[in-house]
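This report describes one protein model together with its ligand. Please look over the sequence and the structure before reading on.

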Amino acid sequence: MRKLLLVAICLLVLFCGCEKEAESTLDSADDKLIVVGFSQVGAESEWRVANTESIKATLTEENGYVLFYEDARQEQENQIRAIRTFIQQEVDYILFSPKVETGWDSILLEAKKANIPVIVTDRYIESDVEGLFTAYIGSNFYSEGETAVLWLEDFLKKQSRTEEPVHIVHIQGTIGSTAQIGRTAALEQAVSKHPNWQLVAQQCGDFTRAKAYEVMGSILEDTKDIDVVYCENDGEALGAIAALEEAGLVCNPVDGVIVISFDATRLGLQYCLEQKIALNVECNPLQGPYVDEIIKKLERKEPIGRIRYVEETQFDCFTITQEMIDIRDY
Ligand code: GYE
């Protein structure tokens, strides 16, 4: 019996020693890697998938990172829980795309208390508390909306449609998200400027094809006298177009409904080439390299800009070509 006990104790010591060695090997290997916790909104659109892929493809071990990734499945509570876990894991940086602009003070104060820098991507946060994040990388969404409404103004002028009523359906993105707030504000500003522009319906499509299809379908039960459908992303545009075509309407800016969209995903641009989407305003999801650049500067204690807008353009159905689509990354 004593011999058995002795063997068991030796095995236990041997096991703990190996475990410790494994941990110390892991620790020493990780010492050189930057640990980042990334909380993503979800996977609601092709844009979001491209955004996630860009971050994952950049924050790799080869590039000096350990990435902890959490998909919040469109729930702010899941993002808050993920950020709290990252704090407990003592990551080096917290990266997150906030589903909506508000409700982050408490959890970001916990990160601040833990001295973990927070980098916000894609959507912005609204807070009265100073210094909740170190850097923001994303788009100027109001500017994207301005691009869209300036194009629409110019197009309607060329069609001499500056007096007659222009009936506009507005399908909004996730209410309270920065993309929705900015793109909506630009349209509402333009509607207030043009007496003949009439907002006949304004409903939330939540940045998804399914919801936009449902919402467009219900609007079509009330009216088919529609000149413009302003969709706040490609997923919504595709859903709206399906409902419009099922109702017998043609989506084409020359002799049908003028559909405006945002994101400029490959699928959205294909619809633009077919003239089903008249204008597609790019919203660049490829933010991984921007995040890498900022983190590496912070590691070297170099100064960084707090707000970094990504480069973007727009595509219209009269000038887009298949070649322009083929060379794109998403
Ligand atoms: O337009 C949409 C995604 O926040 C810019 O969210 C992003 C938006 C994008 O679901 O496709």
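## Overall architecture

The model is predicted. The protein contains 11 helices and 12 strands. Its C-alpha trace spans about 95 × 45 × 40 Å along the principal axes.

Of the 330 residues in the protein, 50% are buried.

## Where the ligand sits

The ligand takes up the space of the largest cavity. Around the ligand there are 13 residues, and those that come nearest are E44, D122, R123, R183 and D263.

Sorted by class, the shell around the ligand consists of 6 charged, 5 nonpolar and 2 polar residues. Two helices each supply at least two residues of this shell: helix 2, residues 46-58, and helix 6, residues 178-193.

## Polar contacts and burial of the ligand

For E44 the distance is 2.5 Å. For D122 the distance from a side-chain N or O atom to a ligand oxygen is 2.7 Å, and for S45 the corresponding distance is 3.0 Å. The ligand taken alone exposes 300 Å², and the protein buries 100% of that area.

## Two residues with positive phi

D122 also has a backbone feature to note: its phi is near 70°, a positive value in a residue other than glycine. D122 belongs to strand 4, which runs over residues 118-122. Is D122 buried or exposed? D122 counts as buried because its relative accessibility is 3%, and the cut-off for buried is under 20%.

E90 is the other case, with a positive phi of about 55° although E90 is not a glycine. E90 lies in the loop between helix 3 (76-88) and strand 3 (93-96). The relative accessibility of E90 is 65%, so E90 counts as exposed; the cut-off for exposed is over 50%.

Set side by side, the two residues read as follows. D122 is in strand 4, is buried and is among the residues that come nearest to the ligand. E90 is in a loop and is exposed. Phi is positive in D122, and phi is positive in E90 as well.

Notes. Residues are numbered from 1 along each chain as its sequence is written. This is a predicted model: local features need pLDDT of at least 70, side-chain atom pairs count only at pLDDT 80 or more; totals for chains, interfaces and linings use all residues. Side-chain values use heavy atoms; hydrogens and water are left out. Helices (H or I, at least four residues) and strands (E, at least two) are DSSP runs, numbered from the N terminus. Buried means under 20% relative accessible area, exposed over 50%, partly exposed in between (1.4 Å probe, protein chains only). A residue is near a molecule or strand if one of its heavy atoms lies within 4 Å of it. A polar contact is a pair of N or O atoms within 3.5 Å; within protein, one must be able to donate a hydrogen and the other to accept it, and residues adjacent in sequence count only if both atoms are side-chain atoms. Accessible areas come from the Shrake-Rupley method with a 1.4 Å probe; for residues, only the protein chains shown count as cover. On a 1 Å grid over the protein atoms alone, a cavity is a set of points where a 1.4 Å probe fits but cannot get out, and a pocket is an open set with protein on both sides within 12 Å along at least five of seven lines; lining residues have an atom within 4 Å of a point. A molecule sits in a cavity or pocket if more than half of its atoms lie within 2 Å of its grid points. Ala, Val, Leu, Ile, Met, Phe, Trp, Tyr, Cys and Pro count as nonpolar, Asp, Glu, Lys and Arg as charged, and the others, Gly among them, as polar.
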